[in-house]
Amino acid sequence: MPKLKTLMTAGVRALLRCISPFAVINLLVPRTGYRIQRGLAYGPDPRQKLDIYVPAGLTAPAPVVLFFYGGGWQGGDRTDYRAFGQAFASAGVVAVVADYRLYPQVKYPGFVEDAAAALAFVHAHAAQYGGDAGRIFLTGHSAGAYNAVMLASEPKFIAAQGGGLDWIAGAIGIAGPYNFLPMSDPVYVDMFHGTNNTDSMPVNHVDGPRPPMLLISGSDDDTVGLCNTNDMSERLKRFGSDVNVIFYKGVGHIGVILALVPGFRRIAPLRRDMLDFIRRY
């Protein structure tokens, strides 16, 4: 397979900006077994808000998973992702879905800085919602996976919030772009400050051991090249990090995240694999 570096085509990017599959199927998601604390502000901007899904009947501090959605850093809304919240709250995990500022309002690293601010809020307030601040896992799909993995790769973003990589128990990247230079699409050239800005790639920020990571992609993903997952895994291994890689055969870029939705979970065992990773750490 050729080593694809193109993040996504203009057509796919436009589609992801306009349509979230989760928005369409939210009505399928069970409403029981959890409560939602909506619209908590982790910063002053209207986009700097998050929702927390709290499992019913918690008797001890629960692990927390903080999710960042995809959309090419140009679209998305936390309210579209009830399916993610339910998938984990139903398993006794406190689930957080965060909005973040988008292009063109911000360019790199603005969306990563927002991710760090959301993590700082969750770390400070986890206990208030039944979570264990010592077991916060970062995850995301596509552009959101970039945000999560960059936070787990580059300590300076969390340091700016008064914390460190020890705030992260583990990171799970789902179909994420971690090493996609050089760029040719004018939007991404502007967003990431040039065609070959190596500072903008998570793979280039790993220079020592990092939190455990699980990197997942579908084998038929033609939006984000599989080389991104392979390159990131090899870099982490080179510096002694614990990393696991899973490729789901026959699954594409959208199918992999749809696998979290009730009624679609036969697509791939994503929920089970993520829960196994969370329970391991």
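The model is predicted. Its chain comprises ten helices and eight strands. The radius of gyration is 17 Å, close to the 19 Å that the globule rule gives for 281 residues, so the chain is as compact as a globular protein of that length. The C-alpha trace spans about 50 × 40 × 35 Å along its principal axes.

Buried residues account for 60% of the 281 residues. Here buried means under 20% relative accessible area. The accessible surface of the chain is about 10600 Å². Carbon and sulfur atoms contribute 54% of that surface.

Charge is carried by 26 positive and 22 negative side chains. The centres of the two sets lie 5 Å apart.

Now to strand β3, residues 62–68. How many of its seven residues are buried? Seven of the seven are, and the strand is mostly covered. In a regular strand the side chains alternate between the two faces of the sheet.

β3 pairs with β5 and with β4. The table sets out both pairings.

| Partner of β3 | Residues | Sense | Bridges |
|---|---|---|---|
| β5 | 131–141 | parallel | six |
| β4 | 94–98 | parallel | five |

Individual residues mark these pairings. F68 stands opposite G140 in β5. F67 has V97 of β4 as its bridge partner.

Terms used
Residues are numbered from 1 along each chain as its sequence is written. This is a predicted model: local features need pLDDT of at least 70, side-chain atom pairs count only at pLDDT 80 or more; totals for chains, interfaces and linings use all residues. Side-chain values use heavy atoms; hydrogens and water are left out. Helices (H or I, at least four residues) and strands (E, at least two) are DSSP runs, numbered from the N terminus. The radius of gyration is taken over C-alpha atoms; the globule rule is 2.2 Å times the number of residues to the power 0.38. Buried means under 20% relative accessible area, exposed over 50%, partly exposed in between (1.4 Å probe, protein chains only). Accessible areas come from the Shrake-Rupley method with a 1.4 Å probe; for residues, only the protein chains shown count as cover. Lys and Arg count as positive and Asp and Glu as negative; His and the chain ends are not counted. The place of a charge is taken as NZ of Lys, CZ of Arg, CG of Asp or CD of Glu. Two strands pair if DSSP finds at least two bridges between them.
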